[in-house]
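Good morning, everyone. Please look at the screen, and I'll walk you through what sits around the ligand.

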Amino acid sequence: MHAPEILPSVLACDLARLADEVAPLAGVTRTLHFDVMDGRYVDNISFGQPVLGALRAAWPGDLDVHLMIVDPSRYADEFVAGGATSVAFHPEVEDDPAALVARLRAAGVRVGVGLRPEHPLERVADLLPHVDTLLLMTVNPGFAGQAFLTEVLPKIGEAHALRRSAGLTFRIQVDGGVTAATVVDAAAAGADWFVAGTSVFAAEDRAGAAEDLRARAAAAMRAD
Ligand code: DX5
Ligand code: ZN
C-alpha cells in the first residue's frame with residue numbers, strides 16, 4: 001500500500017554525538033523516530049522538547065515523535081512547535097483520543113495511534129479512519145534493544161486486512177526489535193513503516209544497514 005520506509009530510532013544512538021550520528025542517514029532515509037518516555041507510561045525516561053529542538057536543527061527531513069507518556073494532549077502541541085512532522089500517542093492514557101487526533105491534524109502533522117503488544121486492534125478501530133499511522137509495538141515499550149515479539153505478527157495481518165476491507169490508507173508501523181530477519185516477517189504480514197534503533201545505530205555502516213533493511217522489506221512486502 002505504501003512504499004516501505006525505515007525510520008531509525010535515535011533512542012539507540014550516541015546522544016552525545018546526536019548530529020554526527022544522524023548525518024550519514026540523510027541520503028537514505030527520510031524520517032527519524034523520536035521516542036519520548038516519561039517514566040510513568042513506561043519504566044524509563046528518555047528525552048523531550050529540548051533534544052527534539054537539537055535534532056530539528058541537525059536533520060533536514062521528517063521527525064516522527066512517539067509519545068510514550070501519560071496525558072499526551074498536555075504536551076503534544078509543544079512537540080509540533082518543536083518540529084515534529086508526525087506524532088503518535090497511546091490512546092488509553094488520553095481522555096479524548098479523537099479530539100487529540102483532530103487537533104494534531106489541524107496543526108498540520110500526521111497522526112498515529114499506538115498499541116502495546118497485548119492490546120487488540122479493536123481498541124483503536126474507531127480512530128483508524130482518522131489517523132495516518134497505526135503504530136504496533138513489537139516489544140514492550142520502554143527500551144531499545146529488545147527482541148521482536150512474534151506474537152504481534154497476526155495483529156499486523158489483521159490490520160492489513162482491515163485497512164483493505166475498509167478502504168483505509170493508514171500506514172502500518174512496527175516499532176521494536178526490527179532486524180534483517182524480523183523486517184521480512186513484518187513486511188510479509190503487511191507492515192510498511194519500520195522503526196529500527198539498534199539494528200541501524202549498532203551497525204558500522206548505518207546508511208548501509210538502513211538501506212539493507214528497506215530492500216529486504218520491499219522484497220518481502222505484500223503486493224495487495
Ligand atoms: C521502544 C521504542 C522503540 C525503540 C526501538 O519503546 O518505542 O522505538 O527505540 O529500538 P530497537 O529497534 O532497538 O528495538
Ligand atoms: Zn518508538
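**Around ligand 1**

Let's begin with G177. One of its backbone N or O atoms lies 2.8 Å from an oxygen atom of ligand 1. Keep in mind that this is a predicted model.

G142 also takes part. A backbone N or O atom of G142 sits 2.8 Å from a ligand 1 oxygen. Then there is G197, where the distance from a backbone N or O atom to an oxygen of ligand 1 is 2.7 Å.

How much of ligand 1 does the protein cover? On its own, ligand 1 has 390 Å² of accessible area, and the protein covers 99% of that.

Now the site itself. Ligand 1 takes up the space of the largest pocket. Which elements give two or more residues to the shell around ligand 1? They are β2, at 31-37, β3, at 62-68, and β8, at 193-196. The largest share comes from β2, with three residues.

Next, the residues. There are 20 around ligand 1. S9, D35, D175, G197 and T198 come nearest. By type, the shell has nine nonpolar residues, nine polar and two charged.

Let's turn to charge pairs. Side chains of opposite charge can pair when their charged atoms come close. This structure holds eleven salt bridges. One of them joins the side chains of R30 and E5, at 3.2 Å from N to O. Why does this pair tie together separate parts of the sequence? R30 lies in the loop between α1 (18-22) and β2, while E5 is in strand β1 (residues 5-8), so the pair links parts 25 residues apart in sequence.

Definitions and conventions. Residues numbered from 1 in each chain as written. Chains lettered and ligands numbered in written order. Predicted model: local features only at pLDDT ≥ 70, side-chain atom pairs only at ≥ 80, totals over all residues. Heavy atoms only, no water. Near = heavy atom within 4 Å. Polar contact = N/O pair within 3.5 Å; in protein donor to acceptor, adjacent residues only side chain to side chain. Areas by Shrake-Rupley, 256 points an atom, 1.4 Å probe, with all protein chains shown as cover. 1 Å grid on protein atoms, 1.4 Å probe; cavity = no way out; pocket = protein on both sides within 12 Å on 5 of 7 lines; lining within 4 Å. Sits in = over half its atoms within 2 Å of the grid points. Helix = DSSP H or I, 4+ residues; strand = E, 2+ residues; numbered from the N terminus. Nonpolar A, V, L, I, M, F, W, Y, C, P; charged D, E, K, R; others polar. Salt bridge = Lys/Arg side-chain N within 4 Å of Asp/Glu carboxyl O.
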